[in-house]
Amino acid sequence: MLSVANISKTFGTVKALNAVSFDVHDGEIMGLIGQNGAGKSTTFHSILNFLTFDGQITWNGQPLTAADYDQIGYLPEERSLMSKLTITQQIVYLARLKNQSANVTKPKIKDWMARFAVKGQPTDRINKLSKGNQQKVQLICTLIHDPQLIILDEPFSGLDPVNADLLKQAILDAKQRGATIIFSSHDMSNVEEICDSLVMLRNGQTVLKGTIDDVRQQFGRTRLFLTTDWTSNQLSELTGVTSVKTIGPHRYRLQLADASVGPAIFDKVTAGQYVPEFSQQPPTLDEIFRTEAGGGQRE
Amino acid sequence: MNKTWIVTLETYLRQVKSWSFLTLVLMPFLFVGLSFGISYLATPNQSKNDIAVVSKNTALRANFLDSSGIATTDKYATTSSAQRATKRSDINGYLTLTVKNNQLTATFHGPDAVSSGDQAKIQRFLSTTQTALNLSQAKLSKQQTRALAVQPQFKQRLQKKTATDKLAKRISFYIIVFFVYLILTTYSSITAQEIAAEKGTKIMEVIFSSTTPRKYFNGKVYGVLLVIVTQLLIYLLGGVILVQVAQKSRVTADFWQQNAGVINQILHNLLSINLLFALLAVLLYTVISAFCGALVTRVEDAGKASQPVVYLNLITFAVALAFQGNPTNTFVKIFSYVPFFSSYLMPLRLINNSASGLQAGISMVILLATIIGSMAYIGRIYGGLMLQTDELGFWGNLKRGLSLK
């Protein structure tokens, strides 16, 4: 288990992290979300001991040291490989630094390349690969030694939906074997789809924390999807409705001031009659991100 | 395998497999080989320098061919064949040996005069043979013969080989200084640029999530040092082969023989503690170059990274040249203990016998301590320097890097 307890970091006069805390258990995936500059990479760098910081980070109950490096798989935000090496040389070198011998790594390379649909041969030079394939080779470098602690900084950026699915599957496989996974992402659908929990940072501070459901429920069922013959104007005059957006023919999305106004609106709109759709939901992660990450100003 | 050595091996193999390394190492050999080849082609074939010997006295002819000490050929025994060979320029000419009225006469026929050295050898042969002839004609008793055989003696008691010494010292000094300067300049640039190029990439974050910056830094330095040692070994091996060839080749054998004293003294000066000073200088400069490389922010600035080290090397090189004729100067004495300068100035003093083994040892200990101290300190701050990628200028980068770790 990875435990981050009350860590803070200051660069000059800028407080990059302010008392951030969270735990990620074995076999759990945690999403670290926030706008650019929120402190996600600084959190990762602190976990990896790249920085000095106040607070404590432990791995399986012990401070994380160089002795634990072999169990870590880290993918940095910007992709970078040694362009003059071949795919095999690059993967073997980085795996050797994780104490996995070339004899163990080499036979795995073809399988991993197939798994990520890397176009090319193991003997191809990195600089001959497309950007997308280089990114996939870097993912292989991160995962090929079966790390127990996987830290992925924006792993989905630049990947098309097909490749993003391949990565999601690899992450879920790692979870299956009990790895502790933490990743950052701007794409909330990925977080929502595979994460067990999330932490949202804003200006170095934790603004949201918990399981995906818990976080969504914190905001109440304030979104109402409704299909009705009522007009937009009629709907906006209902008590407790703060805004109405037309999203299709006779289909609307209502923003409610409070979840508790739902039953009253249901009674008025249906008047005992059938309506094809009346669905009261909490906001999506994407909507939460838009409102919370930027400063808590809701629509 | 220890992670430091994994980095060392990777750095080493990447460097020695590169074209730039091959070019760097092979260039001097290509240059020497080319010069040698041209000289070889330009030097007339040995057989063309030979002279034929013609004599009706076959014993005399055979004796001359065996013992004269000059380049001869026994291929042409008659005047006519020797004449034809001379005309075709197959030989340098021919010598006729005659004995008339107990007088030995040698006559050289050829387009050019015999060299003074060969003339002396011919004269010596003639004198010896004529003396033997005269003695046999005089019918002297054994005692008389022995009395006449007494030769005067010429002895030399040389004060000191000062001229040879001076020349050897000067050549040794220049070889060491230029060699160290070239190696330092080359490897300072290579190291600083390699580190700076890595700094601009995120691969460092991946590597530092696998091993400590200190281990990585040490591995890089050892890797570059191994490359330099490889280059030195190739030069040593090549040098041994060249010495063997030079001693035997007709192009250089005479020169080698005439200057054997100077050459041996130069080799002795080079293959001594001076070589260790050169190697340690390279190590110190490599460490400082890596540090400079880590202070650059962008890959595009990699070229600038080595400038401080290159300038420092230039200054110490200029100081060494300025004081090369004055090894006992107080400045030289003091700075021969100061790292960076000591690698030039202590060898200068040692070559000129103005420093003792103890003094050289002290200078080396100071140099070693500086290297170890630099590696320990830079290894400690290396992670911070390499992960600091904001453009803050030299001092700003250093300050920010120090604050990260």
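Author: Let me begin with a definition: two residues are in contact if their C-beta atoms, placed from the backbone, lie within 7 Å. Among contacts in chain A between residues at least 6 apart in sequence, 67% join residues at least 24 apart. Please keep in mind throughout that this is a predicted model.

Reader: What share of the contacts in chain B with a separation of 6 or more comes from residues 24 or more positions apart?

Author: In chain B that share is 73%.

Reader: How many helices and strands are there in chain A, and how many in chain B?

Author: Chain A has ten helices and 14 strands, while chain B has 19 helices and four strands. Of the 299 residues in chain A, 38% are buried, and of the 405 residues in chain B, 34% are buried.

Reader: Why is B:Thr86 called partly exposed?

Author: A residue counts as buried with 20 or more other C-beta atoms within 10 Å of its own, and as exposed with 12 or fewer. B:Thr86 has 19 C-beta neighbours inside 10 Å, and therefore it counts as partly exposed. This residue belongs to helix 5 (residues 79–87) of chain B, and, leaving aside neighbours within four places in sequence, its contacts are B:Ile91, B:Gly93, B:Tyr94, B:His109 and B:Gly110.

Reader: How do you know which elements of chain A carry the lowest and the highest confidence?

Author: The predictor's confidence in each residue is its pLDDT, from 0 to 100. Among the elements of chain A, the lowest mean, 80, belongs to helix 10 (residues 285–293) of chain A, and the highest, 95, to strand 7 (residues 149–153) of chain A. Chain A as a whole averages a pLDDT of 90, and 98% of the residues score at least 70.

Reader: Into which domains is chain A divided?

Author: Chain A is divided into domain 1 (2–217) and domain 2 (220–281), and the C-alpha centres of these domains lie 41 Å apart. The C-alpha atoms of chain A fill a box of roughly 75 × 45 × 35 Å along the principal axes.

Reader: What makes up the side of chain B that touches chain A?

Author: In this pairing, 18 residues of chain B are in contact with 20 residues of chain A. Two or more residues each come from helix 1 (3–16), helix 9 (203–208) and helix 18 (357–387) of chain B, and helix 9 of chain B gives the largest share, five residues. By class, this side of chain B has seven nonpolar, six polar and five charged residues.

Reader: Which residues touch the most other members of the largest nonpolar core?

Author: They are A:Ile140, A:Ile151, A:Leu198, B:Val282, B:Leu284 and B:Val287, in a core of 131 residues. Helix 13 (residues 273–295) of chain B supplies the largest share of this core, 14 residues. A second, separate core of 15 residues includes B:Phe64, B:Ile70, B:Tyr76 and B:Ile122.

Reader: What does the UniProt record place at residues 275–296 of chain B?

Author: The unreviewed UniProt entry places the feature "transmembrane region" there, and also at other stretches of chain B, including residues 308–324. In the model, residues 275–296 of chain B are 95% helix and 0% strand, with end C-alpha atoms 32 Å apart, and residues 308–324 of chain B are 88% helix and 0% strand, with end C-alpha atoms 24 Å apart.

How values were computed:
Residues numbered from 1 in each chain as written. Chains lettered and ligands numbered in written order. Predicted model: local features only at pLDDT ≥ 70, side-chain atom pairs only at ≥ 80, totals over all residues. Domains from an automatic or database assignment. UniProt positions renumbered as here; feature names shortened; annotations may be inferred. Nonpolar A, V, L, I, M, F, W, Y, C, P; charged D, E, K, R; others polar. Core = buried A, V, L, I, M, F, W, Y, C linked by C-beta atoms within 7 Å.
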